[in-house]
Every structure is written in C-alpha cells, then in structure tokens.
Amino acid sequence: MAGVVHRKLRAIGATAVGAAAAARDLWLLYLGAIAGLVRGRRGGRPKGAFAAQLFAIGNQSLVFIAVTLGFIGLVMIYQACQQFNRVTGDLSQVGSQFLKLAVSDFAPTLTAMMLATRVGAGIAAEIGSMKVTEQIDALRMSGVLPVDYLITPRLMASIVMTIALSILGGAIMYVAGGLTAYYWFDVNPRIFFDLSAVTPVAVVLGLLKAASYGAAIPIVAGFAGLRARGSSEGVGKATTAAVIGGSFAVILLDFVISATSLVLVGPP
Amino acid sequence: MTSPPAFVEFRAVDKSFGGKPVLRAMTLAVTRGEAMFIIGASGAGKSVTIKHLIGLLTIDRGEIWFDGARVDGLPESAWPPIRRRIGMVFQNSTLFDSMTLAENVALPLRKHRGLRQAAAVREARERLAQVYLGDLADRFPAELSDGVRKRAAIARTLALDPDVVLFDEPTTGLDPQSARRVDRLIRDLVDQRGVTAIVVSHDLPSITGIADRVAFLYQGTVYAVGTPAELAAAGDPVLDQFLAGRSSGPMETPGF
C-alpha cells in the first residue's frame, strides 16, 4: 500500500516538475523572442520575414475572421433581441451595449480564438516539421538563432495583425448585428449604431487584450513546434497542443486582463 | 610506437532519454585527418554521439574534447566558433525550402564569416560549382533530386572549410551510383583537404571502401574499433552478425 502511494506521489511530483519546467521554457522562449527584436537581423531574422508573416497571419486570415465574426454578431444580436423582447420589449440599448462588449471583449477574444486555430496550427506544423527533419539543428549549425529566425517575425506580425483583425472583425460583427436587428426586429439603425456607451477604458482594454493574445498565440504555437519529437505523429501532436494551448492562453489572458482592469479602474 | 593524439575524443560519455540509457560510458578517440565510421544498429546512439560534439545535445556525464579543449557543458553562446570548425551533413539534407541552393550555402557564410549577402551568394555559387551544381544554384530544394540535395548540403557544410565534418548516414536514400559519388567526395575531403570525417553509416560498401577506422557501437558503448579489415577478421560473433546483416544471432537489437 505504502509503495503504491509512494509511486503515485512520485508520478504527481514528476508531472508538476515537468509542467513547471515547460512553463519556464515557455517564458524563456517569450523573452528570447523579445530579445530577437532588439538583436534585429544580426540574430538571423531573414529579410522580408516580417512582411511575409504579416501576409500569412493577417491577409490570409481575413476572410475567415470576417465570415466567422460576422455570423457570431448576427447570432448574438438575434438571440439578445429575442430575450429582450420577451423580458422588456425595449431594444434601444442592444446596439450600444453590444458595441461596448464587442470593443472590450468579444472582438479581440473571438478573433484571437479563431487565429489560435488557423495561425497557431500553421506555425506549430511548420516549426514542428522543421524540428523533426533537423532543419532547426541546421539553422544552429549555420550560425542562426532559431528563435530569431522563426519566432520573432511571427511574434511581431501576430501582434500587429491580431490588433488589426480585431478592429476589422469587431466592425463586421457590429454591422452584421445591426443589420440583423434592423431586418428581424425593426430596430432603427440610428438607435443601434450608438457609440456613446464605448468608454476610453473599453477601447484600451480591447487593444491591450488583442496585443496580448497576438503575443501569446505564436509563442505557444512555436513552443509546441519546437518540442515536436519523432516524425509526422510528433508534428500532429504539436499542432494539437498549439491549438489547445493557444485557445487556453487566450481565455486565461482574457480573465487575467479583465479581472485586473476591474480591480484597478472599475468596469469599462 | 605511441598513437597520435586524439583530435576528437569522447570520454566515458553517458546519455539517457526519458530515463532510457542510450550511451553508457562511451569512449572513442578520433585522430586528425582520418575517416572514422561509426556503425551500429538503429537506435544504438550513433547520431546522438556526433550531435554531442557540436552542442546540439548535451551529455549527462563524461567529457568531450576537441582539439585539446573540453567542449561539453559549454553555453549556447560559446558554440558558434566550434560549429564553424566542425560541420555537419544531416541525414535529411536539411536544406531550407524557402531558399535557393545558392542562398542555402550562403547562409553560414553570412552568419559565421560575416559576409554581405551579395558576396556570400557569389562564394556560394563557386562552392556549388565545385560539387558540379553550379547550374542549379538558383533552383529550390523541392525541385531537385535527393542526390542533388545531398551534394548541396555537403557544399553548404564545406563552405566554411571546417576541420571536422560529421556525416549522418550520408548515403541513405541514394541510388548506388549517387552513394558512391558521395563516398568519393568524403574520401577526397580526407585525402586532399586533410579534413577529419566522422561518418555515421549502415552502408557496408561505404565502410569497406573509404573508412580508415570503424567504431562499432553496441549496447551504448564502443564494442569494437579498428580498420575494416581488422573488424572483419576479429571473429567476434556479435560483430560478424552485424557485418553480415544476419537477423539471427547473439546480437540484441532493440525493438526486435
């Protein structure tokens, strides 16, 4: 009996130590990628990599984000209007309150969740493939820092494009919601498209969240890719880990940033 | 007669992965200017051994020496000067798909020797021409055959004029003619440029054709070392089974 308990405790301890080591390595990867920004092209960041990643992360996600956030806006406003109709019948506040929520939370968080799947999976698969085919080792042998070559350009591009896509996605979501409210529930667009409820705190909160998510997605995905082992099975596992880890990071950051903001400056 | 001092030396090296020992007190000395082949069954730790020499893996215990200096345990920042002197040709060629052959060869020239892009590409073209790939310098790896990619990878490694070149199964996946061309290239490097070649291989024609000495890795350690003729004449049943490629015998093969 004591032996079984001892083995269980050892297993739990080993898992905890492994998780702590992974968290440390993730943090070191983040710091390394930031240091790569300072090192510039000396560390091995290829010319044109930032622009290429802006295109891969941003432009190639445009339709995906526009369509998904548009539909989410449509469904959310439809559901909200139905509920308001049942309770009060007053739909005058739906648009302004929806916009406030979209700016401070829905737009950056839903955009980032979408990007965590599309972009995170792509980054993990690409870096994971390079890892299992020894291309990462070949980079090191060529005098290139893999973090500077692979992670830093993606980090920069992801921050910029998550912010840009959050703004665009939020706008599409809002317009889709406005059209839904107008056609299904006869809400006057002048009443729906009311910006008065959006506070500066909500705007700053939304931008801060978008930037944080944008930083987290490539770091988590790159970390998963760099830990890929074996062959194609290892790349598959890395891709799955990137999507799960990226989505989890977005939710966790949403909670942490929202809670901190609430404590420090009150409701947005 | 005393043996020449070791240029590369592994002293009682231990390495485990996830608690599973791969190398156990592995000791091997390689002299300057020889072609040393490391042979052994799949999973015996051959590739692991050579990766320790360039800091791509770290040992658990033991010592690794290169040109009179101990190199195990160095921080990552200390490795670039060593990696400039020890090149490695990886098993999968590992050319970067987004770059042309010339850009692939130019990359270490830019990073290790600080050449500007134009000068590095110019020199890369010359290096590719030396392995008869001058007319393919602007092609991308995906457009080329395995043999061409392997030769381009060798050109990339040789671009820095290393003292030691590590070859990880250089003839795997190549047709016999391409394989013998790679063998010839390795032998020429040793004979004409004085390069020390450490070659991980399963390819018996390569071993008997171009190796100066062969180290047989078995159960995590160097089981036997000598010239190909010495190993063939040793009469050891384990060694004989491996060299003859027999599936049955005293040799324990992991996973079988």
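Q: Two residues count as in contact if their C-beta atoms, placed from the backbone, lie within 7 Å. On that basis, how many residues does the contact take from chain B and from chain A?
A: This is a predicted model, and in it the contact takes 14 residues from chain B and 11 residues from chain A. On the chain B side, the elements that give two or more residues are helix H2 (79-85) and helix H3 (101-113) of chain B. H3(B) gives the most there, with 4 residues. Sorted by class, the chain B side that touches chain A has 8 nonpolar, 4 polar and 2 charged residues.

Q: What makes H4(A) and H8(A) roughly parallel to each other?
A: Look at the angle. The axes of H4(A) and helix H8 (residues 200-226) of chain A cross at roughly 15° and come within 7 Å. Angles under 35 degrees count as roughly parallel, so H4(A) and H8(A) get that label. Their crossing is right-handed. As for what meets there, the contact of H4(A) with H8(A) has 21 nonpolar, 7 polar and 4 charged residues.

Q: Why is H2(A) called oblique to H6(A)?
A: Helix H2 (residues 49-58) of chain A and helix H6 (residues 146-185) of chain A pack at an angle of about 40°, with their axes 8 Å apart. Roughly parallel needs an angle under 35 degrees, and roughly perpendicular begins at 65. The angle of this pair falls between those cut-offs, and therefore H2(A) is oblique to H6(A). The crossing of H2(A) and H6(A) is right-handed. Among the residues making the contact are Phe50(A), Leu54(A) and Ile57(A) from H2(A), and Met156(A), Val160(A) and Met161(A) from H6(A). By class, the contact has 11 nonpolar, 3 polar and 1 charged residues.

Q: How do you know whether Glu134(A) counts as buried or exposed?
A: Count the neighbours. Glu134(A) has 21 C-beta neighbours inside 10 Å, and 20 or more is the mark for buried, so Glu134(A) counts as buried. You'll find Glu134(A) in the loop between helix H4 (94-132) and helix H5 (135-141) of chain A. The phi of Glu134(A) is near 70°, a positive value in a residue other than glycine.

Q: And what about Ala25(B): which label, buried, exposed or partly exposed, goes with its C-beta count?
A: Ala25(B) has 15 other C-beta atoms within 10 Å. Buried takes 20 or more and exposed takes 12 or fewer, so Ala25(B) is partly exposed. Ala25(B) sits in strand E2 (residues 20-31) of chain B, and the phi of Ala25(B) is near 50°, positive in a residue other than glycine.

Q: What makes E2 and E5 of chain B stand at the edges of their sheet?
A: The sheet is an open one of 4 strands, in the order E2-E1-E4-E5 (chain B), with antiparallel pairing. E2 and strand E5 (69-70) each have a single partner strand, so one side of each is left without a neighbour in the sheet.

Q: How do you know that E1(B) and E2(B) pair?
A: Pairing takes at least two bridges between the strands. Strand E1 (residues 6-17) of chain B and E2(B) have 8 bridges, in the antiparallel sense, so they pass that test. One place to look is Ser16(B), which stands opposite Pro21(B) in E2(B).

Q: Why do E9(B) and E10(B) count as a pair?
A: The cut-off is at least two bridges, and strand E9 (residues 213-218) and strand E10 (residues 221-226) of chain B pair in the antiparallel sense over 5 bridges. Tyr218(B) stands opposite Thr221(B) in E10(B). The hairpin of E9(B) and E10(B) has 2 residues between the strands, and Gln219(B) takes a positive phi near 55° in this hairpin.

Key
Residues are numbered from 1 along each chain as its sequence is written. Chains are lettered from A and ligands numbered from 1 in the order in which they are written. This is a predicted model: local features need pLDDT of at least 70, side-chain atom pairs count only at pLDDT 80 or more; totals for chains, interfaces and linings use all residues. Ala, Val, Leu, Ile, Met, Phe, Trp, Tyr, Cys and Pro count as nonpolar, Asp, Glu, Lys and Arg as charged, and the others, Gly among them, as polar. Axes are lines fitted to C-alpha atoms, for helices over the stretch in contact, and angles run from 0 to 180 degrees between N-to-C directions. Angles under 35 degrees count as roughly parallel, over 145 as roughly antiparallel, 65 to 115 as roughly perpendicular and the rest as oblique. A crossing is left-handed if the near helix is turned anticlockwise from the far one by less than a right angle, and right-handed if clockwise.
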